[in-house]
Amino acid sequence: MIAQIACFALNGLEGVPVQVETDVNKGMPSYEMVGLPDTAVKESKERVRSAIKNSGMLFPISKITVNLAPADIRKEGAVFDLAVAISLLKASEQLVGAAVEDIVFLGELALNGDLRAVNGVLPLIISAKARGYKKFIIPCANAAEARYLGGAEIYPAATLLDVVKHLLGIERIEPLETAQFVPHSSGKNTADLKYVKGQPVARRAIEIAVAGGHNLLMVGPPGTGKTMLARCLPTIMPDLTFEEALEITKIHSVAGVLSEEGIVSERPFRTPHHTATTVSMCGGGNRIVHPGEISLAHGGVLFLDELPEYKRSTLEALRQPLEDGTITVSRAGGTFTYPARFMLCASMNPCPCGNYGSANLTCSCSAGEIRRYRKKVSGPLLDRIDLQVEVDNISYDALSSQATEEESSSVRERVNEARRIQRCRFEESAHKTNAEMGEREMRSFCSLSKECDDILRSAFERMHLSARARSRIIKVARTIADLDACEYIQPKHIFEAVSYRLYDKMG
Amino acid sequence: MYDAEEQALIWLCACTDLDDRARVLLLRAAKSPKKLFDAFETYLSSVIKEGKYRAGTRTERERARDEFLDTLSERGYFAVTLLSDDYPAALRAIPDPPLVLFGMGNRSLLGGRKFCIVGSRLTPSYAERQGERIAAQLSARFVIVTGLAEGGDSAAVRGALPSGNIICVLPHGLDGCYPATQASLKRAVAQNGLLLSEYPSAEPVRKHHFYARNRILAGLSEGMLMISAGQRSGVSITANFALEYGRDVFAFPYQIGAAQGVGCNEYIKKGAFLCTEAEDILSHYGIQLPKAQPVDLSAEEAAALAALREEGQMHLAELAQRLGRQIHEIAPLMAALEIKGLAVKSGGNRYSAL
């Protein structure tokens, strides 16, 4: 007899339908698996055999052929185990009367019949729903991420036996109740701006950066709190919407880095070490193409500590995703596009010894060393970093009279307001923030008065700013004006934006 | 273009690998460069005993000379010899003037009044900015003489470049550029000002060339300004030459113990003139420049500037506290002052008045 069971395979962030067909026939006992399975899928034969036996059911001693259709897609991983087991049971007439045709089975089997979690359940269910499937049986361990999806009956099962009992109607499994998405529900982000001592200049800069979606570079000696400030970035970013959270969760689910909570409720904060390879940063892999750090940072912050220590090729690879918000990775196994719209925050020392420009410490670097150090970060990359700010090591005890440190939540209110203004502005275009503006938008939304234009011109002459700084300054000035709730850019906004062009002046 | 004597002198400097001492001895023995050229073997064997150098035949010498002169004109370089009329008189007066100077750019600058402005490579940014401003003001009356290094020298070049009154003396042949990052500045000087070198075009940079170059910087100029000088800086070497040649030495004052200004303070102690603005130098030479237009300042900018002047250097947070403002209200003020050339960022979010 032949059985057909629906399953889904991952292809990037999408699920593709795979039919598991099993034929149990008379003949020499054998067990063949066809349809371009990879090693992990082929090995499922043994897992399925043991799981069925150890669940107290019969493994048919006949000629068994399992086919994974369509045969032209390469199938990877253990996600098909459950579907293969069910189709075998069905084909050997152990599931008489059970309706299995409209159910999608996902899950890996243990030898004792337990169901184990698999990666990418969320994107698989989303794709299956789009194709009209309404019922899913998934491992209990994946229930957390699936419970946020409404409009489907999702049954979490602990063992193969539970699944069989459910299908035969002996003991029904309760479908998952749809959970309500609450941003910041995990509360695991312990960083808050109120714990950052001093650094009023950098505080202001990160507020502007988040408000306008600008990328940020912090320059300062070691131990001045650059990392601490960066960790506060997610805490002042606007709350995730459900759609955003779902998109981020899809990526994290495929990468297998989801937390217990199941859905990503806080903006990601990724800090790849500077030894990271280009592949780990952008995504890749032999046949399975994993999303890289920049995709995991989608919707959140990618923090590159000690920017000049990263390999140059790795940094250059960030340029295109910084422009497009997506990364396309091509491998032998196929071409995959992952979203990668993140806020880049980088930190570096002013020179190899870290004391350049310090008030009380002497820098021991030669001019050539400093130049070489700074040259490690290419101009085109810097060009995409709108705000460059110094983090200094001044002792703030002396200034304690005004040392009431503001909380992240009140900064976030101002950021939300500025974002609201931007949403109105970009209602008719695909952009969300000022940083994404192109030349055309700048012309219509950032018209400069004669006074502002004169200021910009004299700033260029006086401060030897590079030509590429111009549009960056105007965009940042637009964001500062938004924070100020001003309709037009005023001279003071231009002035402040100019003061964040540190690297251009460093040369 | 060059007469026979000059040609012989250029050949002596560019086509033989003798050292300067040998060249001078040979010239002294032969009385004139042309005689030396004609009978080089004779003089060589009589003056230089070891016989390390090969004289070559006269035709070989002529070919080498003509080839060199051809490449010189091909590349747009010119040569000024001790025998030329426009060889700078002040330089001629030093004990060991270069026999030939190769140049590129505006030759007429050799005739002007010259003032040297130099600084070390690690010059603090406010001193750079101030040096640049002084170079700009002085260049109305003087041709500014300096090197092409980063830091202080570049500041002087940037200041004087718009007026075109700029001479850069290089420690290598005119072909090269050291450091390579200064190539665009070198091009700009060749276009608007003058590049000088005592070395043939292809000569690479060598350690001892810096020392020899510094004597030309001091020798060309009536006086010099030290923008910055560390403990062992080339700037101090130039200042030594200037004192030796009887030229005026001016220096920026520095805070006690400031590493980038130890040399400057040392020279002020020894009697160099303390200089904080162009006026100090101009009045020394009895020159008066028309008063500059006062800059328009808003009341807030003026208050911030006054506070900065009082303290010398202030952190943005300190300024904000002093003026009772928020940081983000102060940052635009400082950028405005910076654009107006009255303040400069000196690292670590601190600002200095100029």
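Some ground rules before you start: residues count from 1 along each chain as its sequence is written, while chains are lettered from A and ligands numbered from 1 in the order in which they are written. Since the model is predicted, local features need pLDDT of at least 70 and side-chain atom pairs count only at pLDDT 80 or more, but totals for chains, interfaces and linings use all residues.

**Exercise 1.** Check whether the span of helix H14 (residues 299–311) of chain B agrees with its number of residues.

*Solution.* Helices are DSSP runs (H or I, at least four residues), numbered from the N terminus. The expected span is 1.5 Å times one less than the number of residues. With 13 residues, H14(B) should span 18 Å; the end C-alpha atoms are 19 Å apart, so the two agree.

**Exercise 2.** Find which residues of H14(B) are buried, and work out how they sit around the axis.

*Solution.* Count the other C-beta atoms (placed from the backbone) within 10 Å of a residue's own: 20 or more means buried, 12 or fewer exposed, in between partly exposed. The buried ones are B:Ala304, B:Leu305 and B:Leu308.

**Exercise 3.** Decide whether A:Met442 is buried, exposed or partly exposed.

*Solution.* Next, count: 16 other C-beta atoms lie within 10 Å, so A:Met442 is partly exposed.

Definitions and conventions: Helices (H or I, at least four residues) and strands (E, at least two) are DSSP runs, numbered from the N terminus. The arc is that of the directions from the helix axis to the C-beta atoms.
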